[in-house]
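I opened the notebook to go through one chain. The entries below follow the order in which I looked things up.

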Amino acid sequence: MKSFIEKKKKFEIRPVAFICIAFLVVILIGSLLLWAPFSLNEGISVSYIDALFTSTSATCVTGLVSLPNASVADTYNLFGRFVIAVLIQIGGLGAATLAMSFILIVSNKLSMSQQTLVKESWNISSFKGLKKIFLLNLLITFIAEFSGAFLLFFDLYFNPLYSEVISGVDDAFGQAFFLSISAFNNAGFDIFGSSSLINFSNDIFLNLIISFLIIFGGLGYLVVIDIVSKKFKFKKLNLHSKVVISMTLFLIVLGTVSIYLSENMDYFIDNSKDKGMNFLESYFLSVSTRTAGFTTYNLYDGKIATILLMNALMFIGASPGGTGGGIKTTTAFALFMRIRSGIDGKYPHAFRRSISKDTVQKAFTLFFLSILFILFFIFMIFAFEGGNIVTKDGITYDSLDFVFDAFSAFATVGLTTGVTPYFSIGSKICLILLMYIGRIGPMSISLSLFKLKRNPKWSFVDEELPIG
């Protein structure tokens, strides 16, 4: 009897591993659907690796596209686009959230293992009020997406800018809903064509609505719930919400100003030259870079300094519980506070609250794991490509473009200078793995592979080690 119980425990799937497997199953099902002829426009065919890439990108709410024409609209029919939208919604909500929906509908009760699964998926520290949080999460998601779709519909249907890409009410309605779902879930997919939103960079209303959806989705529902419950009073918010809001505003402002200055430095030095980017484009790119993947500017023309800055913004990403990727704003904040404490000698703290040692330790672990994953796959991409990629049109993509795509994939952003469709199969597989790891999280991947052991009660003798 004892051996049977031990065997049962041995084969028990941990919650973190279940989340990893659930995402993998969704990706594989999505890839088969997107590979099937009934999902494609007439006369179009795609390789399985491109279907798998698209499914991974949608489920991991990234937005990178490896299709030969780099366009979802030109490749997939209405059913195919519907599949992509569903995958985006699943990826944004999370597999555990959808599993919880099904369980509550069937039995209206969660077991302890199921509660643990949801808690770890949502990255929260307590079991308290899981059902309430879940219902509010769904409510926030659908209110945001329906509101965004409603506003976008009027702009797409009545704005003369879209007369060539919108064929009628049904088309405007479909485009608005797809765009709203993609924006709120920070996915970066659109069905306008292969140029993202570049042709609509001057539409202030569209830029603002999509950027607000991106920011709202990236904040995380826990922060939104806290803001509403505390009646929008910043002083009463918990530490998590304060850090997320502060970091989000700081990074948006920093990104906007830095990108604007970087792209227009030649103009500031010599006024006879044309401006590279206007302020609205800089703002939109700053918001989108942190997780969304939409762009109103051709990034192939971007300056090297801008691309490097965007790599840093992508690496930080959105916030815990949000629909974006990256190491998260709270991780970056904890790292900065720890570095500052190493300089001024004070314990890491913010908003009259101390930051626990465990939080700082997790932040450093996540940071270094993320760097290691990115560096490994960048090395593999360089090995697969062997040198610059030159297209039939004479466009050359170099190592900077490869690195940018790697950061974009890991941070589930979806921005690219245009190189993605021209990668070899090996490089596409690297990006697929980076998107998957970035969405699940390096910590979750590591915990699903290695069993977590408790710290022993004993410890070794301390000894000083020279640093610096």
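How many salt bridges does a search of the whole structure find? I got four, a salt bridge being a side-chain nitrogen of Lys or Arg within 4 Å of a carboxyl oxygen of Asp or Glu.

I note that this is a predicted model, in which local features need pLDDT of at least 70 and side-chain atom pairs count only at pLDDT 80 or more, while totals for chains, interfaces and linings use all residues. Residues are numbered from 1 along each chain as its sequence is written, and side-chain values use heavy atoms, with hydrogens and water left out.

**Salt bridges**

I looked up Asp 50 and found a salt bridge with Lys 428, the closest N and O atoms being 2.9 Å apart. The pair links distant parts of the chain, with Asp 50 in helix H3 and Lys 428 in helix H19 (residues 425-440), 378 residues apart. Helices (H or I, at least four residues) and strands (E, at least two) are DSSP runs, numbered from the N terminus. Asp 50 counts as buried at 6% relative accessibility, and Lys 428 is buried at 8%. Buried means under 20% relative accessible area, exposed over 50%, and partly exposed in between (1.4 Å probe, protein chains only).

I then checked Lys 303 and Asp 266, whose side chains meet in a salt bridge at 3.1 Å, N to O. Lys 303 lies in the loop between helix H14 (279-289) and helix H15 (304-316) and Asp 266 in helix H13 (residues 265-269), so this pair ties together parts that are 37 residues apart in sequence. Lys 303 is partly exposed at 28%, and Asp 266 is partly exposed at 36%.

Asp 358 forms a salt bridge with Lys 362, with 3.5 Å between the closest N and O atoms. Both lie in helix H17 (residues 357-385), four residues apart, about one turn of the helix.

**Ser 55**

I found Ser 55 in helix H3 (residues 48-59), buried at 0% relative accessible area. A polar atom of the Ser 55 side chain lies 3.2 Å from the backbone nitrogen of Ser 31. Leaving aside neighbours within four places in sequence, Ser 55 is in contact (heavy atoms within 4.5 Å) with residues including Val 26, Leu 34 and Leu 87.

**Aromatic rings**

I counted 26 aromatic pairs in the structure. Rings of Phe, Tyr and Trp (its six-membered ring) pair if their centres lie within 6.5 Å; planes under 30 degrees apart count as stacked, over 60 as edge-to-face and the rest as tilted. Phe 153 and Phe 154 are edge-to-face, 5.5 Å centre to centre with 75° between the planes. Phe 154 and Phe 158 are stacked, at 5.8 Å and 15°. Phe 154 and Phe 158 are four residues apart in helix H8 (residues 130-158), so about one helical turn separates them. Phe 153 is buried at 17%, Phe 154 partly exposed at 37% and Phe 158 exposed at 55%.

**Whole chain**

I noted 20 helices and four strands. Buried residues make up 52% of the 468 residues. Of the contacts with a separation of 6 or more, 68% are between residues 24 or more positions apart.

How values were computed. A polar contact is a pair of N or O atoms within 3.5 Å; within protein, one must be able to donate a hydrogen and the other to accept it, and residues adjacent in sequence count only if both atoms are side-chain atoms.
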